[in-house]
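These are my notebook entries on a structure that I have not examined before. I record what I looked up, entry by entry.

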Amino acid sequence: MLATQKPKLIILLGPTASGKTSLAIQLAQAFDTEIISADSRYLYRQMNIGTAKPSAEELSLVRHHMVNCADLDQPWSIGEYKSKVEELIIDLNSAGKIPIMVGGTGQYIRAFMQNWQIPELEADHKLRDAIEAIGHEQGFEKLHQQLAILDPDAANIIDWRNHRRTVRALEVILSTGQKFSQQRKSGASLYDLLVLGLRWERAELYQRIDQRIETMLSDGFLQEVEDLIAKGYKADLLKMGVIGYSELISHLDGEISMDEAIMLIKRNTRKYVRRQANWFKPDNPDINWFAAKDHEILTKMIELIDQKFPGCFI
């Protein structure tokens, strides 16, 4: 790669349960390249079934990065993720490989599409503890409502169930006197990008989601949550607010029935899909959308990659 050239990057995005993992593996195999996960949940070694993380067999087919590289009690910030992935992209390009970034975490994808500059402010632990105490006393949903008053843009991209990010946003606002959302600057991407998107009809996607959840439960999702609680990760799971884990913890705490937990997991996952649709809009000219049910989707994506990066893959 010449010093004046932008590093090349392929992004494959789409909503949860859209089939990204399988397609990404096929593309990576076709071009002898590697995958960078852009799913915030895949970072953590302890969460597997409930995140629909790629299986050991899938991970063995193609080298995956940013999977199983962190622990729940030491969560990564988006700034830490971005810094690590920037190094990976450079290294892979230097080795003659164009990485395929795959995922549905909107912040991670946009951080690279829009070159987010994310300030890493020192933690104010006393202030953070005070905010968390208010959340425990009044409820974290109310805490998120306060964030919406102080910084509506930040509240729009932070799920109220994610206690850790809600607290961090308020901590930054109160520490600096500035909106959390305004401290993240963006600009032209640093990369020569090709963005591929998977499109499903909403009703069909909801059916896939429901089936995935039923499969996760039959594969031992509840047992996974019980094991994590036994290992002392309950508070960490609740702070992250990952869909599925939070609802099953409520069930295990005797707050809701199993049927209610399943219903909430499906409902909250559908809400998450609608939020993803706001991250990845169908009319975004930077995204090349493909109908996920198209039997020729792999061939068409390969052709588009060849057009964008001619002669880069042998």
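I began with salt bridges, taking a salt bridge to be a side-chain nitrogen of Lys or Arg within 4 Å of a carboxyl oxygen of Asp or Glu. I keep in mind that this is a predicted model, in which local features need pLDDT of at least 70 and side-chain atom pairs count only at pLDDT 80 or more, while totals for chains, interfaces and linings use all residues. Residues are numbered from 1 along each chain as its sequence is written, and side-chain values use heavy atoms, with hydrogens and water left out.

Entry 1: salt bridges

I looked up the pair Glu-214 and Lys-266 and found their side chains joined in a salt bridge (2.8 Å, N to O). Glu-214 belongs to helix 9 and Lys-266 to helix 13, so the bridge ties together parts that are 52 residues apart in sequence. For helices (H or I, at least four residues) and strands (E, at least two), I use DSSP runs numbered from the N terminus. I noted Glu-214 as partly exposed because its relative accessibility is 34%; buried means under 20% relative accessible area, exposed over 50%, and partly exposed in between (1.4 Å probe, protein chains only).

I then asked how many salt bridges the structure holds. The structure holds 13 salt bridges. In one of them, Asp-71 meets Arg-45 at 3.0 Å, N to O. This pair links distant parts of the chain, 26 residues apart: Asp-71 sits in the loop between strand 3 (64-65) and helix 3 (78-94), and Arg-45 in the loop between strand 2 and helix 2 (56-61). Asp-71 is partly exposed, with a relative accessible area of 23%, and Arg-45 is likewise partly exposed, at 39%.

I also found a network of salt bridges that links Arg-128, Arg-168 and Glu-171.

Entry 2: helix 12 and what follows

I asked whether helix 12 is enclosed or open. Helix 12 is largely enclosed by the rest of the structure, because six of its eight residues are buried. The buried residues are Tyr-245, Ser-246, Glu-247, Leu-248, Ile-249 and Ser-250. I traced their packing to helix 10 (221-230), helix 11 and helix 13.

Leu-252 also lies in helix 12 (residues 245-252), but I recorded this residue as partly exposed because its relative accessibility is 31%. Leaving aside neighbours within four places in sequence, Leu-252 is in contact (heavy atoms within 4.5 Å) with Leu-222, Val-225, Glu-226 and Ile-229. The C-alpha atoms of Leu-252 and Glu-226 are separated by 8.0 Å, although the two residues are 26 residues apart along the chain.

After helix 12 comes Gly-254, with a positive phi near 80 degrees. I also looked up Asp-253, whose side chain meets that of Lys-234 in a salt bridge (2.9 Å, N to O). Lys-234 is in helix 11 (residues 234-240) and Asp-253 in the loop between helix 12 and helix 13, 19 residues apart. Lys-234 is partly exposed at 28%, and Asp-253 is partly exposed at 38%.

I define a nonpolar core as a set of buried Ala, Val, Leu, Ile, Met, Phe, Trp, Tyr and Cys residues joined through side-chain atoms within 4.5 Å. The largest such core has 88 residues, and those with the most contacts inside it include Ile-11, Met-101, Phe-112 and Leu-196. Not counting residues up to four places away in sequence, Ile-11 touches Met-101, Ile-109, Met-113, Leu-193, Leu-194, Val-195 and Leu-196.

I next examined helix 4 (residues 106-113), which is mostly covered, with seven of its eight residues buried. Among them are Ile-109, Phe-112 and Met-113. Asn-115, which follows helix 4, has a positive phi near 50 degrees.

Entry 3: helix 14

I found Leu-304 in helix 14 (residues 297-308). Leaving aside neighbours within four places in sequence, Leu-304 is in contact with Leu-194, Leu-196, Asn-288 and Phe-290. I also noted that the C-alpha atoms of Leu-304 and Tyr-206, 98 residues apart along the chain, are separated by 29 Å.
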